Amino acid sequence: MLLLNASGCLDALAAPGVARRLDAFVTKTVTPEPRQGNQPVRIAETDSGMLNAIGLANPGRERFLSQILPDLVATLELPVWVSVGGFSAHDYAESCAALHGDDVAAIELNLSCPNVDEAAESAADIVTACRAATPLPLYAKLSPATWDMSEVARAIEAAGADGLSLVNTMRGAALDRDLRPILATATGGYSGPSLKPVALAAIFACRRATDLPIVGMGGVQSGRDVLEFVACGATHVALGTTLFADPDAPQRVRAELRTALDEAGLERVEDAFCLAHESVAVLDNHA
Amino acid sequence: MRRERRSVVAVEWIGPYALLRVTRGSLARGGPGQFFMLEAPGRVLPRPMSLCLAPRGELAFLIDPIGPGTRALAELEPGDEVAVLGPLGNGFRVDVRKPLLVGGGIGIAPLPYLSEALDRPPAVLGFRSDEHAQAAALLPHADVVIDPVLVTDVIPTDRDVLACGPEPMLEAVRALVPDAQLAWEAPMACGYGACYGCVVEVDGNLERLCVEGPVLCSS
């Protein structure tokens, strides 16, 4: 099991010491053109989570390739996963074609940012286009806001993806005391502890549909959470919102995982893989 | 950047504000205008607080308990533990010739520590009520104005102004003293450059306040 960061939740050049505690670093999403992102206010805390409306702020593909990626590779000495975004299958495929294995361990296709318009093509069509453009491992990052996750997972696998990243944030809103949206964009991506049950259900469903590796994320706060994600079928686990509150989360979560394994009577985290599925006999169509 | 669990020494009320004092441990104090992220008990995200005072072995933060996070911080009791990350960001430049400190409301928070660093220069503080103005006790030599009088009604313009306060006050100070050093505020999730949540416009670009600021020079 690899411990990663969720894309967009860590700037490894601003905080290399945090990134080096991970097994691999996942970049913020790179789009073909530079993006300033949304106007502030961009974040809002809720009772048990947070909203963000960053809007895929990034320097664009050209500067990412010429400056950011070489800096990351030189600074981190870690496998780098590049998160790729766009507004058409062509955008995604072009970025994939520009990434090469010397510097990039894997590509994560951000198919589900709640803060920007989606590409017109289906997630599977985008994966098909990217598959033709790169031999690098391709992970498809999906929203949990789909009724039938297992069907999406099968379509993504058939299109040639090498893995799934589950889950992205879900769209949410929060109001201030004058009943106005806190975020300048009114809605944003909802993350944090309250997303965990949604993420576990998505991973659970997709694991029954596919044997592809799954990077599990969404509300992971503790070592026990990591174990639960793996028990539902995650191969790897990523930290998101918890990194904002605690930059020491990678080492803390690893230490807690050791304790959680002891409490569960398990030796290695891999021993927990899919344990949650063993006791489930009857399933409806969506799991 | 270092994060430690620190013990609460005391919470002292100064008018409507709470001065939260915690043991410093091996955290650095940092420079005036730098800030720390304080774990807000029971909340998902920590809260950014600039250092108000650094008594021996302690860090002290002035808190306006207006929301669930700041209220949780103000309700801490001696002996409670709270995670503190910092010091963070870029503070005030103190290589100035004729300093004048200007603060508004809870924006006076970084000024007592700044005042010590500059050997107690003149200061002007503005508050919205007599009750809020009790916080001026933190800067005993300061001139105080109370709404409807504004700090910009009384400050001289031939000074090196270092200011912190609500956005309209900072805009008004900038209009009067274009090269003032201004400490801004923005909602932050992380405080260390990870989340891109705290952007403000700097020279036409959206920049992270926690990385570029919180003190920005407007000229």
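**Figure 1. Val96(B) counts as partly exposed, with 15 C-beta neighbours inside 10 Å.** Here a residue is buried if 20 or more other C-beta atoms, placed from the backbone, lie within 10 Å of its own, exposed if 12 or fewer, and partly exposed in between. Please keep in mind that this is a predicted model, in which local features need pLDDT of at least 70 and side-chain atom pairs count only at pLDDT 80 or more, while totals for chains, interfaces and linings use all residues. Residues are numbered from 1 along each chain as its sequence is written, and chains are lettered from A and ligands numbered from 1 in the order in which they are written. Val96(B) sits in the loop between strand E6 (81-88) and strand E7 (99-104) of chain B; helices (H or I, at least four residues) and strands (E, at least two) are DSSP runs, numbered from the N terminus. Leu73(B) is 23 residues away along the chain, and its C-alpha atom is separated from that of Val96(B) by 34 Å.

Figure 2. Zooming in on the peptide bonds, we find a cis one between Gly213(B) and Pro214(B), with omega about 10°. Pro214(B) belongs to the loop between helix H6 (209-212) and strand E14 (215-217) of chain B.

**Figure 3. At the interface, 20 residues of chain B are in contact with 27 residues of chain A.** Two residues are in contact if their C-beta atoms, placed from the backbone, lie within 7 Å. On the chain B side, 16 of the residues are nonpolar, two polar and two charged. In this grouping Ala, Val, Leu, Ile, Met, Phe, Trp, Tyr, Cys and Pro count as nonpolar, Asp, Glu, Lys and Arg as charged, and the others, Gly among them, as polar.

**Figure 4. Eight strands of chain A form an open parallel sheet in the order E1-E12-E11-E8-E7-E6-E5-E2.** Two strands pair if DSSP finds at least two bridges between them. Strand E1 (3-5) and E2 are the edge strands, each pairing on one side only. Between strand E8 (residues 163-166) and strand E11 (residues 214-216) of chain A there are three bridges, and Leu166(A) has Gly216(A) as its bridge partner in E11(A). Leu166(A) is also joined to Val167(A) by a cis peptide bond, with omega about 15°; Val167(A) is found in the loop between E8 and E9 of chain A.

**Figure 5. Strand E5 (residues 80-84) of chain A is largely enclosed by the rest of the structure, because four of its five residues are buried.** Strand E2 (residues 25-26) of chain A and E5(A) pair in the parallel sense over two bridges, and here Val26(A) stands opposite Trp81(A). With strand E6 (residues 106-110) of chain A, E5(A) pairs in the parallel sense over four bridges; Val82(A) stands opposite Ile107(A) in E6(A). From E5(A) the chain crosses through helix H3 (residues 89-97) to E6(A) in a right-handed β-α-β crossover. Right-handed here says that, with the strands pointing away from the viewer, the path from the first strand over the helix to the second runs clockwise.

**Figure 6. Chain A also has an open antiparallel sheet of four strands, in the order E3-E4-E10-E9.** Strand E3 (43-46) and strand E9 (170-173) of chain A stand at the edges with a single partner strand each, so one side of each is left without a neighbour in the sheet. E3(A) is joined to strand E4 (residues 49-52) of chain A by four bridges, and Thr46(A) has Gly49(A) as its bridge partner in E4(A).

**Figure 7. Leu56(A) has a positive phi of about 55° although it is not a glycine.** Leu56(A) lies in the loop between E4 and helix H2 (61-76) of chain A and is buried, with 21 other C-beta atoms within 10 Å. Phi of Leu179(A) is positive as well, near 65°. Leu179(A) lies in the loop between E9 and strand E10 (187-191) of chain A and is exposed, with 6 other C-beta atoms within 10 Å.
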